[in-house]
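I set out to record what can be looked up in this structure, entry by entry. The notes below follow the order in which I consulted it.

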Amino acid sequence: MREVLPQLLAWWEAGETIGMGTVVATFRSAPRPPGASMLVGPDASAVGSVSGGCVEGAVYDLALEVTASGTPTLQRYGVSDDDAFAVGLTCGGILDVYVERVSRETFPELGAIAADIDAGRPVAVATVVDHPDPAYVGRRVVIRPDAIVPAQKHQEKQENGAFEQGVSLGSRRIDDAVRDDALGLLAAGHNGTLSYGPDGERRGEGMRVFVWAFAPAPRMLVFGAIDFAAAVARVGGFLGYHVTVCDARPVFATTSRFPGADEVVVEWPHRYLAAELEAGRVDARTVIAVLTHDPKFDVPLLEVALRLPEVGYVGAMGSRRTHDDRMERLREAGVTEAELARLHSPIGLDLGARTPEETAISIAAEIVAGRWGGSGEPLGALSGRIHA
């Protein structure tokens, strides 16, 4: 929903009714991830995508029907048959798409959710997309780290700012199970479909709840205000990271030199990283690119970075000779072999990169491969499923 939120919110604020299809589960080589949404607006226009073109027409028609009827629907789209125009995915994937009617009446919390997302506050939206009792389908709750807010009426504000549950998803048992699991997805920044028994039994089946997890953007910390850093910052922003460029030299660390960064900080790198860790602004999704290849900056910085309790990626730029020298200095500083094993150095995948832009692509490729477990090998040289 994040990709189509600006247009969705504009129609919602205008009091319009919208059809929205959302990918809630994927199997095999599905082209779009859970959470990808497509809108059918009041003017019959289409915004967004659920499959990259394979089943958009079918979802469009279904969204028109759901908008008219008001009855939400969970539809599975699979491999197409011999008819090239059949509703199906020629890539061999399978999608479960939940289609619903969105308006101020059906989704009154959308404005507050959009405000949370805009402010960078974590928020999750849990929606029942499948249940043996059709009356449950479409029930929704908004979950924040400090409160669960029922989408239905009968809310009573407590002194501590939380909300007493009213109708909610149907029972206290369901709400408790969904809240616990949704908070886990929110912490990881992943959307996902949760399965339970009809009354929230963890070992049961029958009820499926889709969770949109709108966590703040993951962070990319780029150390070293050099020309390569400008290219890495641009690519990081394209990938959805909140990018910080940090360097101790004020003459180089300027916003004019790094227009692609969200912020530019003048500080000794190791001090800045230690302060961010202390403030709780470094997590398992954070990626760190050390580009200075200067021992007086790199070594103390990597001492901190390689000992972080959790971090998504730590890479350091430099030649083979620079790498060997850096490793020796880190060992002398007391960094263990296990800690050194976390370091990606020389940084990036072997793409034959020469320019700052090409090098930034190689660094981004290594980050993406590490995040999703990719091999970094050409897909044509591999067999089996494309998406793990």
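**Entry 1: a strand pair**

Which residue of β7 does Thr-127 stand opposite? I worked on a predicted model throughout. I found Arg-140 of β7 opposite Thr-127. I then looked up the two strands concerned: β6, residues 123-130, and β7 pair in the antiparallel sense, with 4 bridges between them. Next I checked how far β7 is covered. Of the 5 residues in β7 (residues 140-144), 4 are buried, so I noted the strand as largely enclosed by the rest of the structure.

**Entry 2: the chain as a whole**

I turned to the totals. The chain has 388 residues, and buried residues make up 46% of them. For secondary structure I recorded 10 helices and 18 strands. I also looked up the contacts between residues at least 6 apart in sequence: 58% of them join residues at least 24 apart.

**Entry 3: the open sheet**

In what order do the strands of the five-stranded open sheet stand? I wrote down β3-β2-β1-β5-β4, with antiparallel pairing. The edges are taken by β3 (46-48) and β4 (73-77); each has a single partner strand, so one side of each is left without a neighbour in the sheet. From one strand to the next, the twist averages 20°.

Strands β4 and β5 (residues 94-102) run antiparallel and are joined by 5 bridges. Within β5, Leu-95 is the residue opposite Tyr-77.

I then asked what packs on the sheet. Helix α1, residues 5-13, does so, touching β1 (18-27), β2 (37-40), β3 and β5. The direction of α1 makes about 145° with that of β1. Helix α2, residues 56-69, also packs on the sheet, and I listed its contacts as β1, β2, β3, β4 and β5. The direction of α2 makes about 30° with that of β5.

**Entry 4: Ser-103**

Is Ser-103 buried or exposed? I located the residue in the loop between β5 and α3 (110-119). Its relative accessible area is 4%, so I recorded Ser-103 as buried, the cut-off for that class being under 20%. Leaving aside residues up to four places away in sequence, Ser-103 touches Trp-12, Glu-16, Thr-17 and Pro-108.

**Entry 5: strand β13**

I looked up how many residues of β13 are buried and found 5 of the 5, so this strand is largely enclosed by the rest of the structure. Both faces are covered: on one side I noted Arg-219, Leu-221 and Phe-223, and on the other Met-220 and Val-222, all of them buried. Strand β13 runs parallel to β14 (residues 242-247), and 5 bridges join the two. The bridge partner of Arg-219 in β14 is His-242.

**Entry 6: helix α7 and its cover**

Which residues of helix α7 (residues 295-305) are buried? I listed Phe-297, Asp-298, Val-299, Leu-301, Leu-302 and Ala-305. The elements that cover these buried residues include β13 (219-223), α6 (269-278), β16 (287-290), β17 (313-316), α8 (320-332) and β18 (343-344).

His-270 is partly exposed, with a relative accessible area of 23%. Not counting residues up to four places away in sequence, His-270 touches Pro-300, Leu-301 and Val-304. I also noted the separation of His-270 from Asp-298: 28 residues in sequence, and 8.3 Å in space from C-alpha to C-alpha.

**Entry 7: Glu-337**

I found Glu-337 in helix α9, residues 337-340. Glu-337 and Met-327 are 10 residues apart along the chain, and 9.7 Å separates their C-alpha atoms.

**Entry 8: the second largest pocket**

What is the volume of the second largest pocket? I recorded about 370 Å³. This pocket is lined by 16 residues, of which Gly-318, Pro-346, Ile-347, Gly-348 and Leu-349 are the closest to its centre. By class, I noted 6 nonpolar, 7 polar and 3 charged residues in the lining of the second largest pocket.

How values were computed: Residues numbered from 1 in each chain as written. Predicted model: local features only at pLDDT ≥ 70, side-chain atom pairs only at ≥ 80, totals over all residues. Heavy atoms only, no water. Buried < 20%, exposed > 50% of the residue type's maximum accessible area, 1.4 Å probe, protein only. Pairing = 2+ DSSP bridges. Axes fitted to C-alpha atoms, helices over the stretch in contact; angles between N-to-C directions. Contact = heavy atoms within 4.5 Å. 1 Å grid on protein atoms, 1.4 Å probe; cavity = no way out; pocket = protein on both sides within 12 Å on 5 of 7 lines; lining within 4 Å. Points joined across faces, edges and corners; volume = space filled by probe spheres on them. Nonpolar A, V, L, I, M, F, W, Y, C, P; charged D, E, K, R; others polar.
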